[in-house]
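Please look over the sequence and the model below before reading on.

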Amino acid sequence: FAVVLLVVVSVLSWLQTPEGQIQQVRWELESLSKRVSDNRYVRKAAVAFVKDDNSHLPLKIIDGEIHDPDDKAKALIEIAGIYIKLEKEDKAIALLEKAIEATNQIQVSYHKALALISITEAYAKLNYSQKAIPLLEKALKAANQIRDSSYKARALTSITKAYAKLKYSQKAIP
């Protein structure tokens, strides 16, 4: 009985410390992300875990809770942008690749173009331009699938600007 009481008192005491309170917030946030149906709040929960430097939960939340390709692309792009600011380019590149895959499933030209523009702007911010080039080529293929010519032009313009920022004007010219 004394051992059980000691464990319970220790856990309750730890929950009152700043670390324990932060862990309680993490548990509650993960639980809420599963119960909320609004994808905006699910995205915010995923972003909070990225800022908390918890790398596995954001993808788990996005893959498990967001089913709309447009919302999934937005979430991945937003998280990749945070990784770029944190100078974690490898994680950003992986997320941007997943964002391209999600963007390819978007049917509405306007939403697809906006997603591609956000993705290419993120590519342009990457320090490792060699790794960004194949990603831009995937974005170019996705942009060519857009049916509405005005949205297609906006996406292609963004891709061209990204090539130029990465000093690959030879690829931007065509």
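## Salt bridges

The structure, a predicted model, holds two salt bridges, a salt bridge being a side-chain nitrogen of Lys or Arg within 4 Å of a carboxyl oxygen of Asp or Glu. Residues are numbered from 1 along each chain as its sequence is written. In this predicted model, local features need pLDDT of at least 70 and side-chain atom pairs count only at pLDDT 80 or more, while totals for chains, interfaces and linings use all residues, and side-chain values use heavy atoms, with hydrogens and water left out.

## The pair within helix α5

K74 and D70 form a salt bridge in which the closest N and O atoms are 3.6 Å apart. Both belong to helix α5 (residues 69-85), where a spacing of four residues separates them by about one helical turn; helices (H or I, at least four residues) are DSSP runs, numbered from the N terminus. D70 is buried, with a relative accessible area of 10%, whereas K74 is partly exposed at 39% (buried means under 20% relative accessible area, exposed over 50%, partly exposed in between, with a 1.4 Å probe and protein chains only).

## The pair between helices α6 and α8

E97 forms a salt bridge with K138, and their closest N and O atoms lie 3.4 Å apart. This pair links distant parts of the chain, as E97 is in helix α6 (residues 89-104) and K138 is in helix α8 (residues 129-143), 41 residues apart. E97 is partly exposed, with a relative accessible area of 29%, and K138 also counts as partly exposed, at 38%.

Note on methods: Helix = DSSP H or I, 4+ residues; strand = E, 2+ residues; numbered from the N terminus.
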